[in-house]
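I set down each term with its cut-offs where I first needed it.

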Amino acid sequence: MVSIPVCSSLELLLIVSPLRFDSNYHFVVPELSESTDFKLNFNKPVEEFNEAKALGIATRPVVLGPISYLWLGKAAKDASPDFSPISLLPKIIPVYKQLLTELKAAGAEWVQVDEPVLVLDAGLQLESQFNSAYAELAPVAPKILLTTYFGRLDSNLNFVAKLPVAGLHIDLDRAPAQLEPTIAAVKPTPLVLSLGLVSGRNIWKTDLSAAIKAGQTAVDALGGDRVISATSSSLLHTPVTLASEKKLTPEQKDWFSFALEKAAEVHVIAALLSGSQDSKISEALEANRTSIAKRREFEHTSNDAVRKRVAAITPDQLERKSPFAVRQEIQKKKLNLPKFPTTTIGSFPQTKEIRNARAKFNKAEITEEEYENFIKKEIESVVAFQEKIGLDLLVHGEPERNDMVQYFGEQFDGFVFTQNAWVQSYGSRYVRPPIIVSDVSRPHPITVKWSSYAQSVSKKPMKGMLTGPVTILNWSFPRADVSRELQSKQLALALRDEVVDLEKAGIQAIQVDEPAIREGVRGPHQHRLLQSADDYLFPLASSSSFRLGSLPHLGR
């Protein structure tokens, strides 16, 4: 069976949520209290199911499960201090029963119920709620495919395999090691097992041979009628199609797979697991093997000097050469700041005039000299404003930067950029993430020119402004062939080179922005990733004046 999960929808969504999973996708959640009542104003899943049905398309509707809905909710201001949103489960279950009953009446055979909370430790604390909720929902619903993603079930698998649902979906992209224990847990049950074999989170072409091997393991154990081939999660997190990309080289384009291409990969996997003898399916598999081999060869012949540089770092180089108290005194003398200095975070508004000038420069409607003169005037204006209002530690305003990650990625080796690979961040906001394709290095200074110019027009100290390695990693599509830890170290070393050059240019305060420092690093390995990036950025600056006299500032 082939399965391609789609995005769930929620009604009555009120606030943007802090991230709870290893994703930089923001979502909105309800504010709840003891007085909250639930009502199904209209059944959107039924409407969409009937719309597809009228076109002759059989679909599997998708809803967010009641446990995850409540657990992800936030206590409203009028809630009591000890209120927990999950306490509203008895109130919301009747609404879910109505929704699912109407879906079944409309003819839906299956319904996908997403419960991502099951990949978190919190899931284990909710066992009784899961048991009671699904005991009520299963009898009135279409066949329920309980769907998890963004991690592994771990110990939650013990009770999940006993829930009265028809199927279970697991994410084998984020957690491939959970395949064997999940097969063992569901084998004695009648559960259908949905395998997330094609990543819904990255843009890399799937290794179909490896995916088929994993799928065949499940088929051999459970039988083909109990195995579904699927993407690991919603394809919301990937761009729509490679067909819109006209500037990627043929080699680069062959590496990638966007949403429509991933759907085709799921189809090929399902066909091969079903024993298809279709020549087109066989040709697709062979073409995929050739593509994967070429990509692996490129990975092996990437920038070996960068990897050797990371490998050559010794533990003593990760230690500060002077204690904080010593550095603090030297910094005080160099910067001569008041006891409570004032500054801004960094970027000033990207005005219409700035955007127009950048667009004209990119279209070659103005010369480089004209564009740089415009940027200089913008910097002068921003610096003058800060001096006028009496700030102590100044910034240059970053008028030359298009995006805090894209700006650096465009000047690092190891990145490529797309034309139309937009993905939803939240609501109506879409982003076009850079793609890390090989070992990352900095071929030339990036920010030194404009920071130095800003310092030249003021006697007050100027901050150098850098986007941190973890944010660059988390707001890009990372490589799949090497660890995120290695990529964060490479990015940190590239930025370290920028730090050293800024210091040599006379910039004595450096701000490193890490707004995404908690995104994408949740779970048991988050501390190691954060530590690796921070360790390699600051202590590795080789000059004694940076270690002693410059003021690094981490913005989060």
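Helices (H or I, at least four residues) and strands (E, at least two) are taken as DSSP runs, numbered from the N terminus. I call a residue buried under 20% relative accessible area, exposed over 50%, and partly exposed in between (1.4 Å probe, protein chains only).

I kept in mind that this is a predicted model, in which local features need pLDDT of at least 70 and side-chain atom pairs count only at pLDDT 80 or more, while totals for chains, interfaces and linings use all residues. Residues are numbered from 1 along each chain as its sequence is written, and side-chain values use heavy atoms, with hydrogens and water left out.

Entry on the whole chain. I looked up the totals and found 20 helices and 18 strands in the protein chain, with buried residues making up 52% of its 556 residues. Among contacts between residues at least 6 apart in sequence, 78% join residues at least 24 apart. The chain exposes about 25500 Å², of which carbon and sulfur atoms supply 54%; accessible areas come from the Shrake-Rupley method with a 1.4 Å probe, and for residues only the protein chains shown count as cover.

Entry on helix α10. This helix covers residues 279-300, and its 22 residues reach 32 Å from the first C-alpha to the last, close to the 32 Å expected at 1.5 Å a residue; the expected span is 1.5 Å times one less than the number of residues. I listed Ile281, Leu285, Asn288, Ser291, Ile292, Arg295 and Glu299 as its buried residues. Seen down the axis of α10, they fall within an arc of 130 degrees, so they line one face of the helix, the arc being that of the directions from the helix axis to the C-beta atoms. The cover over these buried residues includes α7 (208-222), α8 (250-255), α9 (259-273), α11 (304-311) and β15 (435-441), whereas the face turned away carries the exposed residues Glu283, Lys294 and His300. At the start of α10, I noted a side-chain oxygen of aspartate 278 within 2.8 Å of the backbone nitrogen of lysine 280.

Entry on helix α14. Which residues of α14 are buried? I found Tyr371, Glu372, Ile375, Ile379, Val382, Val383 and Gln386, and because they fall within an arc of 105 degrees seen down the axis, they line one face of the helix. Their cover includes α13 (352-362) and α16 (448-456), while Glu369, Lys377 and Lys388 are exposed on the other side. Glycine 390, which follows α14, has a positive phi near 85 degrees.

Entry on threonine 471. I located this residue in helix α17 (residues 469-474), where threonine 471 is buried, with a relative accessible area of 0%. Its side chain makes a polar contact with the side chain of glutamate 514 at 2.7 Å; such a contact is a pair of N or O atoms within 3.5 Å, and within protein one must be able to donate a hydrogen and the other to accept it, residues adjacent in sequence counting only if both atoms are side-chain atoms. Leaving aside neighbours within four places in sequence, threonine 471 is in contact with Val405, Asp513, Glu514, Pro515, Ala516 and Ile517.

Entry on tyrosine 96. This residue lies in helix α3 (residues 89-106) and counts as buried at 9% relative accessibility. Not counting residues up to four places away in sequence, tyrosine 96 touches Leu64, Gly65, Pro66, Tyr69 and Leu137.

Notes: Contact = heavy atoms within 4.5 Å.
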